[in-house]
Amino acid sequence: MQQIIMLKKSRSLIIDLLKGDKMMKIVFILALLFVALYAQSINEVEVIRDGEEFQDRLEPIFTKYYEVFVNEYEDDDALQKDLTVTFFPCAGTIEWWIGDVNVDRPTKEEAIYISTSDEESRNSDVATFVIEDVRVGHYQIGVEPQFGSLRNDFIGIASTDELPYPELPSDAFITFVPQNRSAVRVSWNESPSIGIDYCVYFHHETQRDPENIVGSFCHAERQALVGCTTDTSLDVDGVTKDGIYYFDVVAINDKNFKSAYITSQYFTGDTYEAPSSSDSSTFLPSLFLIFVAFVFFM
């Protein structure tokens, strides 16, 4: 009987809200949408396959979980395997964490790793964590957008085998040699992997995303493609605006897996160089001014 009374009260409340002013209706509809999305997000766990890339887009403020199973095979002892988890941000900024074996929907307090605490990724927004000697069972990874990010696209992978990506050199930065006012030669060190193609992307600072993502191949591919080569340098024309240009080099292997070099900056336009204190051209006028001031005040 009480449930019937509560349902009637709820029904009458909804009718009153819908009869109200326009703003009240909008607020009510948004509240219902928020509750529906939240209810969906807290129950959603997506199963991912061991060793296969997955990509997704997260809505703001919601958390999603991904689950990977570590199985034991007759000819392959899973207890001697490592589980490597890597995330590549494409747009927006995300935080991810992973719980221990068979822990469902782990919180950050229960996590054995949180991406934002990884000091090794300070030169790149690509974060990797390795669980050594994983146990048979399932591992769940929580992912949520950082505050203020509206579009949060990413690619991830969880694998008990060696990751399929091209290996980067120990010095994965990009260097520049100006060719003329509007062209520059972009160079990089060769990947230790064999059979690698390199693609170069660039954009001006006025087109830079506010998240300032570096070292992620899927973010680099959202920029302007200059061209691809098997060499370790490429001439880029069209560097015509003053300011900063951002360059990315993406290494691609024969299976179409990709790794990005560290995003590097190329400065264009006139630069001001302050004269050194030992420069006689500034020293002599200074002496003259001191002499004039001395005579004036005598």
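Guide: Let's start with cysteine 218, which counts as buried because its relative accessibility is 7%, under the 20% cut-off. Keep in mind that this is a predicted model.

Visitor: Which cysteine forms a disulfide with cysteine 218?

Guide: Cysteine 90 does, and the two sulfur atoms sit 2.1 Å apart.

Visitor: Why is the disulfide of cysteine 90 and cysteine 218 called left-handed?

Guide: The torsion about its S-S bond is about -95°, so the link counts as left-handed.

Visitor: OK, how many disulfides does the count come to?

Guide: The count comes to 2 disulfides. Cysteine 199 is joined to cysteine 228, S to S 2.0 Å. This pair also links distant parts of the chain, with cysteine 199 in strand S12 (residues 197–204) and cysteine 228 in strand S13 (residues 224–229), 29 residues apart.

Visitor: What's the handedness of the link between cysteine 199 and cysteine 228?

Guide: Right-handed, with 100° about the S-S bond.

Visitor: How do cysteine 199 and cysteine 228 come out on accessibility?

Guide: Cysteine 199 is buried at 6% relative accessibility, whereas cysteine 228, at 48%, is partly exposed.

Visitor: What's the pairing if I number the bonded cysteines in sequence order?

Guide: You get 1-3, 2-4 for the protein chain.

Visitor: Switching to the sheet now. What's the strand order in the open sheet of 3 strands?

Guide: The order is S10-S11-S14, and the pairing is antiparallel.

Visitor: Which strands stand at the edges?

Guide: Strand S10 (174–180) and strand S14 (233–237) do; each has a single partner strand, so one side of each is left without a neighbour in the sheet. From one strand to the next, the twist averages 25°.

Visitor: How many bridges join S11 to S14?

Guide: There are 5 bridges between S14 and strand S11 (residues 183–188), and the two run antiparallel.

Visitor: Which residue in S14 is the bridge partner of alanine 183?

Guide: Aspartate 237 is the partner of alanine 183.

Key
Residues are numbered from 1 along each chain as its sequence is written. This is a predicted model: local features need pLDDT of at least 70, side-chain atom pairs count only at pLDDT 80 or more; totals for chains, interfaces and linings use all residues. Side-chain values use heavy atoms; hydrogens and water are left out. Two strands pair if DSSP finds at least two bridges between them. Helices (H or I, at least four residues) and strands (E, at least two) are DSSP runs, numbered from the N terminus. Axes are lines fitted to C-alpha atoms, for helices over the stretch in contact, and angles run from 0 to 180 degrees between N-to-C directions. A disulfide is a pair of cysteine sulfur atoms within 2.5 Å. Buried means under 20% relative accessible area, exposed over 50%, partly exposed in between (1.4 Å probe, protein chains only).
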